[in-house]
Amino acid sequence: MDVIHIGGTDEHGIAVTIRAEQEHVSPKDVVDHYHKSIAEDFKRLKIDFDNFSRTSKPIHKKMSQDFFLKIYNKGLIEKREGEQLYCPHCKRFLADRYVEGECPYCHYENARGDQCENCGKWLEPTSLINPRCKICGTTPIVKKTYHWYLKLDKMQGQLEKWLASKTTWKSNVKSFTKGWFKEGLRPRAITRDIEWGIPVPLEEAKGKVLYVWFDAPIGYISSTIEWAEKQGKPDLWKKYWYNKDTQLVHFIGKDNIVFHAIVWPAMLMAYNDGIILPSEIPANEFLNIETKKISTSRNWAIWVHDFLDVFPSDFLRYYLAANAPENSDMDFTWKDFQAKINGELADILGNLVNRTYVFTKKYFDGKIPSPGNYDDDDKRIIKLIEKAPDSIGTLLDEFHVRQATFQIMNLAREGNRYFDYKKPWNLIKTDKEKCGTAIYILTNLLNTVATLFSPIIPDGMEKIKEALSNDNFRWDSASELSIIAGTEFKNPGILYEKIGDRTIKQEEAKLMDDNSTNITSAKNKEEKIEKKEYVTIDDVLKLGLKVAEILEAERVEKTDKLVKIKIKIGEEEREIIAGIARDYSTDELVGKKIVVVSNMKPAKIRGIESNGMLLAASNDEALSLLTVDREIESGSSIK
Ligand SMILES: [Zn+2]
Ligand SMILES: [Zn+2]
């Protein structure tokens, strides 16, 4: 199958500007910080993307403005005068999260202006009960302003028909959309009165930007375009987005259903007839923490980077797969986490690996024994091996990750039962061939389990792969007994260390502590956003960067890196000491025109005075001197 995994950070919207105001940094500082930190989290979690982009890139701006204009020209976006909440104290319109109040549907008290995070409803700020300005707490007034509206009402028929054809979709997604249709879709404002965002591409809309939920999903396309450009085939993205056989799958949480199942398909339908629509939206419900809803603003959260500082990524991946809130909200508790990791990863899977290895080493010299005739118990396990890849593959194809995880772990459970029942420690004395058969089958079962589990817990499964010298984990050969007799079973080490009670108590305390203090600690808990320091031209000129010609070079004795270099800057000659002996021979240096900092304070290095510093690019392995790429006399300044 040809799959591309596209992702990115959506970098517009009020969440960004509020954070910037709180931290006294620019919105760009905020998104730079989070892009880096989120990309890093994915990397540490071993989640790879073919392309991980950002919606602040020019390619995305272009695509989003193009989307707006095409839909506008079809008459499905219109300008309307409407009412907006305005804070008389802050003197601005309160878009989206700048206002909070009571949800008119579920009466949750801290609903945001654009959405209630409790019931998932997409709101209009003016519908909030007892609204208040998020920044200063003032009760806002209603003021007239104009915005551009997406005419969802005109598209309801088309959307309903399309959604009715999605018979395999999850019931939570279907019932959510049905609720919307029953109420009747209304035109929704897709522009905002703020400065951070993609400018609305109309002369009369100066100062307005696109609503984040209008531009963010377009990021799926612009990220694919960016990916295609990186391949050197700029049109390749169309092979996916304009191909009726493409399956477009959106992995999201339930609070995004309205945008992915209604607004985004409406945008795609309005944009172009040939472009594909979502095929599947396997939206999950919420994962709560210790029975309470996750909330970063109220500091009820566990940050991925904090988590991974303490636990291996396989632990988080396993727990989330085994407890995915596929059909209803699920609860993460530290105790349950400990129980699942210790009881399943360590006691079931880890134990099966360990006991099979130890037995092979002790009684078969570390080599997988040859099988004899199979009895009924052996055949039963072989049948499990033969069937598992297909049945588990189907579960994954249908997005039943939790069920798939359970079934793979069940194979390991069956393995342990088989081990207990066969009692190889007795068989080795009475019937060595039967004993060898059992070990042969167990090893092959391990190979199957490791292959099927490798998308979920790759690090641990890699250890099994290495122990069995199987460098070719393939789903389609996991149904076979592919580990042959005579193969060495190397020591896999401890697959998964158990989590101690103390560690869990510490984590519980951390969560409570952080939450017991007020909102300012939320800022302490999240990483501080660095304000970017800019230099001026004057700062650069201060360095006195000059072109210098190397006249002589000699190694500084008793050092492995230092070279003494005589340079000429215009008429002046100087000596500098540089640590480049590993990368350049002295012969190679003479005659080169390099770049030096001429205003460097003289310094003594190994007793020799150095009057300047040369510039070189470096990574961890090598250095490369900065030179000039055309003939120019020494002494020329760099400016
Ligand atoms: Zn205010
Ligand atoms: Zn609500």
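Buried residues make up 33% of the 639 residues in the protein, as computed from a predicted model. The secondary structure comes to 21 helices and 22 strands, and the C-alpha atoms fill a box of roughly 95 × 80 × 55 Å along the principal axes. Of the contacts with a separation of 6 or more, 70% are accounted for by residues 24 or more positions apart. The domain assignment gives domain 1 (78-150), domain 2 (297-528) and domain 3 (537-625), and the centres of domain 1 and domain 3, taken over C-alpha atoms, are separated by 61 Å.

An open sheet of four strands, paired in antiparallel fashion, has the order E4-E3-E8-E9. Strand E4 (92-93) and strand E9 (188-189) each have a single partner strand and stand at the edges, so that one side of each is left without a neighbour in the sheet. Strand E3 (residues 77-87) and strand E8 (residues 141-150) run antiparallel and are joined by ten bridges, with Arg-80 standing opposite His-147 in E8.

In soluble globular proteins, nonpolar side chains tend to be buried together. The largest nonpolar core in the model holds 64 residues, of which Leu-210, Ala-266 and Met-267 touch the most other members. Helix H9 (residues 257-271) gives the most to this core, contributing ten residues. When residues up to four places away in sequence are not counted, Leu-210 touches Ser-64, Phe-68, Ile-190, Thr-191, Gly-197, Ile-198, Val-200 and Asp-215. A second, separate core comprises 48 residues, including Tyr-319, Leu-411, Ala-412 and Phe-473.

Leu-411 and Ala-412 also belong to the buried residues of helix H14, together with Ala-404, Thr-405, Ile-408, Met-409, Gly-415, Tyr-418, Phe-419 and Lys-422. Helix H14 (residues 401-422) has 22 residues and reaches 32 Å from its first C-alpha to its last, close to the 32 Å expected at 1.5 Å a residue. Seen down the axis of H14, the buried residues fall within an arc of 160° and therefore line one face of the helix. Elements that cover these buried residues include helix H11 (313-322), helix H12 (334-364), helix H13 (376-397), helix H15 (424-430) and helix H16 (432-453). On the other side of H14, by contrast, Arg-417, Asp-420 and Tyr-421 are exposed. H14 is followed by Lys-423, for which phi is positive, near 45°.

Conventions: Residues numbered from 1 in each chain as written. Chains lettered and ligands numbered in written order. Domains from an automatic or database assignment. Pairing = 2+ DSSP bridges. Helix = DSSP H or I, 4+ residues; strand = E, 2+ residues; numbered from the N terminus. Core = buried A, V, L, I, M, F, W, Y, C linked by C-beta atoms within 7 Å. Buried ≥ 20, exposed ≤ 12 C-beta atoms within 10 Å, placed from the backbone. Contact = placed C-beta atoms within 7 Å. Expected span 1.5 Å × (residues − 1). Arc of directions from axis to C-beta.
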